Amino acid sequence: MNEVGISLDTVWMLLAAMLVFWMQPGFALCEAGFTRSKNCANILMKNFVDFMFGSLLFFFIGFGIMFGSDILGGFIGLPNWGDLSFYEGDLPVEGFLIFETVFCATSATIVSGAMAERTKFSMYLVYSAFISLIIYPIEGHWTWGGGWLCNDAADSFMMTTFGDVFHDFAGSAIVHSVGGVLAFIGAIALGPRLGKYSKEGKSHAIPGHNLTLASLGVFILWLGWFGFNPGSQLAAAGEVNRIAISHVFLTTNLAAVAGGVATMFVTWMRYGKPSLSLTLNGILAGLVGITAGCDLVSPVGAVIIGLVCGVVLVFAIEFIDHKLHIDDPVGASSVHGVCGILGTLMTGLLSTSNGAFYGGGWGFFGAECFGILVIDLWAAACGLILFFGIKKLHGLRVDARIEEEGLDIYEHGESCYN
Amino acid sequence: MKKIEAIIRKTKFEDVKDALLHSDIDWFEYHNVHGIGQSREERIYRGVQYSTDVIERVALTIVCRDQFVDPTVKVILRVAHTGEIGDGRIFVSDMIDTWSIRTGENGDTVLRDKK
């Protein structure tokens with residue numbers, strides 16, 4: 001690799017890292033807008049904590065667990081204890097660490113919305129440390145860290161079983177479904193907000209306080225995704241890379257718009273009016289869905305993934321809210337959990353190189369099914385232990401009085417609107 | 001001396017305001033008010049249908065000399081009218097006295113006479 005080439009790759013990676021970092025305010029605004037004004041400072045604070053804890057812990061330990069040499073039979077990598085010298089790669093290790101840090105923080109911040117308006121702030125800190133320290137880096141080690149799910153040696157488990165390795169280009173499974181599954185378990189452990197369900201089990205609407213903020217948040221996330229997906233190529237120099245990142249830009253955008261359009265029309269038909277709050281989720285659903293296969297599917301395939309995610313999203317939100325009675329104020333478990341899983345599976349079907357619909361046989365689809373199962377079982381197991389453990393030992397939820405009057409004043413002593 | 005209170009549609013406020021300024025009213029107050037009535041508005045948030053009985057209207061308060069009551073009421077009746085349920089109400093009541101803070105005067109003379 002020539003000097004200019006590697007410099008171009010580095011600049012592209014750092015630029016993409018900036019865009020992915022910019023997804024943090026996107027999440028913050030989106031979640032703030034979908035919740036009530038009395039809890040606004042709390043949810044903003046949680047979004048900052050995710051990034052602060054994520055950056056520190058991933059730098060000290062998580063980076064090594066994810067990318068270090070195998071220990072414990074490849075279950076985790078060797079923690080780096082703040083030392084970056086172990087990493088061998090063409091790209092500068094500091095830049096690569098930043099790039100991976102923002103992905104870790106994205107996974108962590110998904111949960112805050114689902115647990116909004118009723119979680120003890122101190123206990124949220126415990127969760128936030130756990131995901132950046134243990135949950136995300138370990139499953140990341142199995143995949144992007146070169147671990148067993150992505151080991152393409154001829155005698156590896158994945159190659160002998162499926163004839164293909166698990167593929168998740170930018171993190172539908174590794175980042176989003178993990179955040180979504182944890183969001184789901186967290187919301188179960190907490191229970192619904194006061195007043196969300198009547199005694200007869202009827203779901204009540206608790207409108208968010210500012211859909212303008214939520215809309216801006218979604219636009220910001222959308223922009224951030226142009227770093228999240230194309231940046232995951234980790235290279236820009238040369239013909240192969242410049243075509244690849246351009247392709248990923250296109251598939252990313254097509255899935256986003258297809259997801260939004262699908263949700264808009266489904267809500268129009270089901271509820272009589274096109275719903276803004278759900279269309280915002282639909283756009284994110286398309287983006288989450290395309291993230292796994294944005295490099296492998298055709299532009300038409302991207303539209304299909306977006307449409308499927310946008311339609312399924314509406315029914316997933318309805319099912320979780322009306323049938324399961326799990327209160328997820330921002331729809332994180334549907335957007336990131338359900339559509340993250342869906343996007344990973346559809347990559348196995350729609351990949352133009354080895355997907356089942358393109359004559360690639362069912363081996364790759366099997367690898368995708370197995371990979372997402374392993375990753376999400378891991379996330380679910382960790383979530384169950386973590387959230388129900390906290391609930392048992394200390395209590396996860398604030399007192400009813402604090403919840404009624406707002407977390408801002410009682411948990412932080414300041415409010416967003418004065 | 002009378003007090004006229006009118007509850008009108010928010011969408012009709014600009015028209016009523018202009019019409020009142022063109023008649024002989026030199027000052028009136030208005031408030032955004034929330035009322036609770038029998039009619040309900042259907043809303044949907046994130047797929048959950050709910051109805052709200054809160055109805056948003058504008059309340060005008062006008063104090064004027066007796067001879068202006070009729071023309072003022074007529075202006076509001078004409079301009080704030082759509083014919084649909086929910087156009088609003090006008091209430092007229094006696095006003096015992098009025099004082100001007102600047103001059104210390106009281107009674108009818110404080111209020112505007114014909115142009």
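The model is a predicted one, in which local features need a pLDDT of at least 70 and side-chain atom pairs count only at pLDDT 80 or more, while totals for chains, interfaces and linings use all residues. Residues are numbered from 1 along each chain as its sequence is written, and chains are lettered from A, with ligands numbered from 1, in the order in which they are written.

Chain A contains 15 helices and 2 strands, where helices (H or I, at least four residues) and strands (E, at least two) are DSSP runs numbered from the N terminus. The radius of gyration of chain A, taken over C-alpha atoms, is 20 Å, close to the 22 Å that the globule rule gives for 418 residues, so chain A is as compact as a globular protein of that length. The globule rule here is 2.2 Å times the number of residues to the power 0.38. Along its principal axes, the C-alpha trace of chain A spans about 60 × 50 × 40 Å. Two residues are in contact if their C-beta atoms, placed from the backbone, lie within 7 Å; of the contacts in chain A between residues at least 6 apart in sequence, 75% join residues at least 24 apart. A:Ala381 and A:Ile185 are 196 residues apart in sequence, yet 9.4 Å apart in space, C-alpha to C-alpha. A:Ala381 is partly exposed, because 13 other C-beta atoms lie within 10 Å.

Turning to chain B, 4 strands form an open sheet in the order S2-S3-S1-S4, with antiparallel pairing; two strands pair if DSSP finds at least two bridges between them. S2 and S4 of chain B stand at the edges with a single partner strand each, so one side of each has no neighbour in the sheet. The twist averages 20° from one strand to the next. Strand S1 (residues 2–9) and strand S3 (residues 48–64) of chain B pair over 8 bridges, and B:Ile8 stands opposite B:Val58 in S3(B). Between S2(B) and S3(B) there are 13 bridges, with B:Glu29 opposite B:Thr61 in S3(B). These two strands, S2(B) and S3(B), form a hairpin with 2 residues between them, and B:Arg46 in the turn has a positive phi of about 50°. S2(B) is hardly covered, as the count of buried residues among its 17 residues is 0. Helix H2 (residues 66–79) of chain B lies across S1, S3 and S4 of chain B, at about 5° to S1(B); axes are lines fitted to C-alpha atoms, for helices over the stretch in contact, and angles run from 0 to 180 degrees between N-to-C directions.

The contact between the chains takes 7 residues from chain B and 14 residues from chain A. On the side of chain B that touches chain A, S2 and S3 of chain B each supply at least two residues, and the largest share, 3 residues, comes from S3(B).

As for confidence, chain B averages a pLDDT (the predictor's confidence in each residue, from 0 to 100) of 88, and 98% of the residues score at least 70. The predictor gives the complex an ipTM of 0.71 and a pTM of 0.87.

Methods: Buried ≥ 20, exposed ≤ 12 C-beta atoms within 10 Å, placed from the backbone.
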